[in-house]
Amino acid sequence: MQTIDVNLPHDTYAIHIARGLLDRLGEITREATPHDRAMLVMDSNVAEPHGVIAARALESAGYAVVTRELVALESRKTLSTVQGMYEAMLAAKLDRTGPVIALGGGVVGDIAGFAAATYLRGVPVIQAPTTLLAMVDASVGGKTGVNFPLPADDAGRSELGKNLIGAFWQPRAVAIDPQVLVTLDQRGFRCGLAETVKHGVLADVSLLDFIAEHAAAIAALDMDVLEELIVRSVRIKAAIVEEDERETGRRALLNLGHTFAHVLEPIEALDLRHGEAVSIGMCAAAHCAVETNRMTSEEAGRLRGLLRRLGLPTGLPREVDAEALIDTMGYDKKVAGGKLRLILPRGLGAAEIVDDLDRSTLEAAWAAVEPGTSGGGG
Ligand SMILES: NC(=O)c1ccc[n+]([C@@H]2O[C@H](COP(=O)([O-])OP(=O)(O)OC[C@H]3O[C@@H](n4cnc5c(N)ncnc54)[C@H](O)[C@@H]3O)[C@@H](O)[C@H]2O)c1
C-alpha cells in the first residue's frame, strides 16, 4: 500500500492507494475515526459488487452500517438529495462522530461530502472513490457541494449552476482501490485519464512521459501501472492543495482546460463528458499558450498526440458559435475583477494564471479546435 499524507494548516489526512484496499475499508475508517455506527453512501451503480465488499469490510471492523444508495447523475446532485441524506442520517441516529463513507464517483463524493460537512455542523467523511477521475481529483482536497438552479433567463428557463452551493470539508481519509475500475466503462475511464494528463501538464512533465510509455498497459488496466499512475497524479493534486487549501492562489491551476470545458459541457449536441471537454479545453489553452509564447508548437503537438493516443478528443465533434462561447466564458466563476482568468500551460510541466488575454487569442483558440483543423474532429 502506498500512502500520501496531505498536510494542511489545521488538518492532516492520509490517502491510501492499493489494489484490493476495499477489503480493508473498515480498518482504514476505524483508524481515522473510531466509532460504532457508520453510514455507507454508495453510487447505485457500484452497490454490487463494490458496495457489498465495502459494507462487509466495515461490519468486520465492528461498525453497525447503515447504507444509502444515490443515483450518480448531475441532475440529482442537488439540495433535495442532500435533504434526503439528512433525513436518513437522522433516522440512522448518526451522531457527531459517526463517519460517512462515500463510495462512488465524484457525484456521490461531492453530495456525501457536503452532507457530512453540514449535518450536525460536520461529521467525519471517508472518501472511497470508484472512478479514475474521483481517485485523482474529486476525492482529494475537500471540495464538496451540489448544483443549484441559476436565476431564470429571459425565456423563463433556468439551468442548474454547477457546484454553486458547497463547503470545504476535508476527508478524514481517502481509500483508493484501483481494482474497482474494472467495472467502469471505457469512456468514463478515459475521462479520468484527461485529469492525469492535466496534472502532468501543469506540474510534472515526467508524468506525461510515464503515461506515454505505459499507454497500452493503462488501457489494459494493468493494476501495477494504474496504481503508479494514481499515486503520481494524486501527489500532484495533494501538493497543490497543501499549498492553497481554499483556492486563493495556486490551486486555481487545477482548472487548466476547465474554463473552455465548462462552456462546452452544457451543449447537448456535442455530447461531451467532463473529461472529454477538459481534453479539448487543454488543447485550446495550449493554443493560447503557443500564441502568447508560453509554449512551443512542438509541446502543444506532443500534448495533442498524447491525448489522442489515450482515445481522448482534441477537437470539437461539430461546429460551435465561438463568439457566444467566449461571452459565456466571461461568466465563468473564475472571472476576477471583470477580467477573464485563464490557466495556461508554460511549456510542459508548469502553468500560470493569465488575466490579460486578448479576445482575438481566444477566438484563435476556439478556431484551432474546430472540426476539420489539426486539433479538430477527433
Ligand atoms: N470535489 C472536487 O474537487 C471535484 C473535482 C472534479 C470533479 N468533481 C465532480 O465530480 C463529478 C464527476 O465525477 P465522475 O467523473 O467520477 O463521475 P460520476 O460520479 O458521475 O460517475 C460516472 C458514472 O460512472 C458510474 N460509476 C462510478 N464508479 C463506477 C465503477 N467503479 N464501475 C462502474 N460504474 C461506475 C457512476 O454511477 C456514473 O454513472 C462532477 O459532479 C464534478 O463536479 C468534483
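I call a residue buried if 20 or more other C-beta atoms lie within 10 Å of its own, exposed if 12 or fewer, and partly exposed in between, with C-beta atoms placed from the backbone. The model is predicted: local features need pLDDT of at least 70, side-chain atom pairs count only at pLDDT 80 or more, and totals for chains, interfaces and linings use all residues. Residues are numbered from 1 along each chain as its sequence is written.

Asn293 sits in the loop between H11 and helix H12 (297–309); helices (H or I, at least four residues) and strands (E, at least two) are DSSP runs, numbered from the N terminus. Asn293 is exposed, because 8 other C-beta atoms lie within 10 Å.

I then checked Asp271, also not a glycine, and found a positive phi of about 50°. Its place is the loop between helix H10 (258–264) and helix H11 (274–291). Asp271 is exposed, with 9 other C-beta atoms within 10 Å.

Entry on the peptide bond. I found a cis bond between Glu48 and Pro49, with omega about 5°. Pro49 belongs to helix H2 (residues 47–60).

Entry on strand S9 (residues 173–176). Which residues point one way from S9, and which the other? Ala173 and Ala175 point one way, Val174 and Ile176 the other, and all are buried. In a regular strand the side chains alternate between the two faces of the sheet.

I noted that S9 pairs in the parallel sense with strand S2 (residues 11–17) over four bridges, where pairing takes at least two DSSP bridges between two strands. Ala175 in S9 is the bridge partner of His16. S9 also pairs with strand S6 (residues 125–129), in the parallel sense over two bridges, and Val174 is the bridge partner of Gln127.
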